[in-house]
Amino acid sequence: MLNFARIAAVSAITLFAGGHVLAEEAKSTKLGVLECTIEGGFGLLLGSSKKATCSFEHADGTTEQYTGELSKLGLDIGVSGESYMTWIVFTPIGNEIGSDALKGKYAGITAGASVGLGVGANALIGGSNEKIALQPLSVEGKTGLNLAVGLSSLQLTPAG
């Protein structure tokens with residue numbers, strides 16, 4: 001069980017550091033912070049799909065609400081409670097964004113584990129113009145008994 005926790009921690013740290021390097025190399029502008037609540041549920045051997053409710057706070061303090069779905073493809077075994085994830089949102093310098101700028105599909109890598117309390121991280125790139133990077137700001141907080149490693153996608157739609 002201890003090796004399980006070590007693997008999960010190393011995977012989460014690797015994802016967090018990788019997202020930071022990606023944002024720095026892209027010569028990016030910070031747009032704001034995206035916070036999501038992701039429903040709990042069961043992970044199947046080859047993946048899972050869970051609903052998300054998100055709030056994007058622009059750098060100027062205005063907010064936008066989104067609904068979405070976080071899907072994982074790869075090893076995703078177990079059951080987890082509701083989880084929370086926060087990302088810093090970046091775009092290349094000079095990229096013009098408007099309202100509902102985060103609408104679209106994001107893809108990247110994921111790692112996480114929980115035995116009671118757990119951690120995880122997702123580094124994602126995409127959006128409506130494929131020029132938005134979501135860098136993990138804080139490690140995902142979740143509860144349950146779960147292990148997930150693989151690819152993830154997040155589909156965001158403006159809440160109506």
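This is a predicted model: local features need pLDDT of at least 70, side-chain atom pairs count only at pLDDT 80 or more; totals for chains, interfaces and linings use all residues.
Across the chain the mean pLDDT is 74, with 62% of the residues reaching 70 or more. Over residues 1-26 the pLDDT falls below 50, and in the model this stretch has 28 contacts beyond near neighbours in sequence.

The count of disulfides comes to 1, and the bond is formed between Cys36 and Cys54, whose sulfur atoms are 2.1 Å apart. The two cysteines stand 18 residues apart and link distant parts of the chain, Cys36 being placed in strand β1 (residues 28-38) and Cys54 in strand β3 (residues 47-58). Both Cys36 and Cys54 are buried. Because the torsion about the S-S bond of Cys36 and Cys54 is about 110 degrees, the disulfide is right-handed.

Ser152 belongs to strand β7, which covers residues 132-158. With a relative accessible area of 4%, Ser152 is buried, since this value is under 20%. When neighbours within four places in sequence are set aside, the residues in contact with Ser152 include Leu70, Ser71 and Lys72, the run Tyr106, Ala107, Gly108, Ile109 and Thr110, and also Asn122 and Leu124.

Asp100, in turn, is situated in the loop that runs between β5 (83-92) and β6 (104-126). Although Asp100 is not a glycine, its phi is positive, at about 55 degrees. The relative accessibility of Asp100 is 34%, a value between the limits of 20% and 50%, and the residue therefore counts as partly exposed.

Methods. Residues are numbered from 1 along each chain as its sequence is written. Side-chain values use heavy atoms; hydrogens and water are left out. pLDDT is the predictor's confidence in each residue, from 0 to 100. Contact means heavy atoms within 4.5 Å. Helices (H or I, at least four residues) and strands (E, at least two) are DSSP runs, numbered from the N terminus. Buried means under 20% relative accessible area, exposed over 50%, partly exposed in between (1.4 Å probe, protein chains only). A disulfide is a pair of cysteine sulfur atoms within 2.5 Å.
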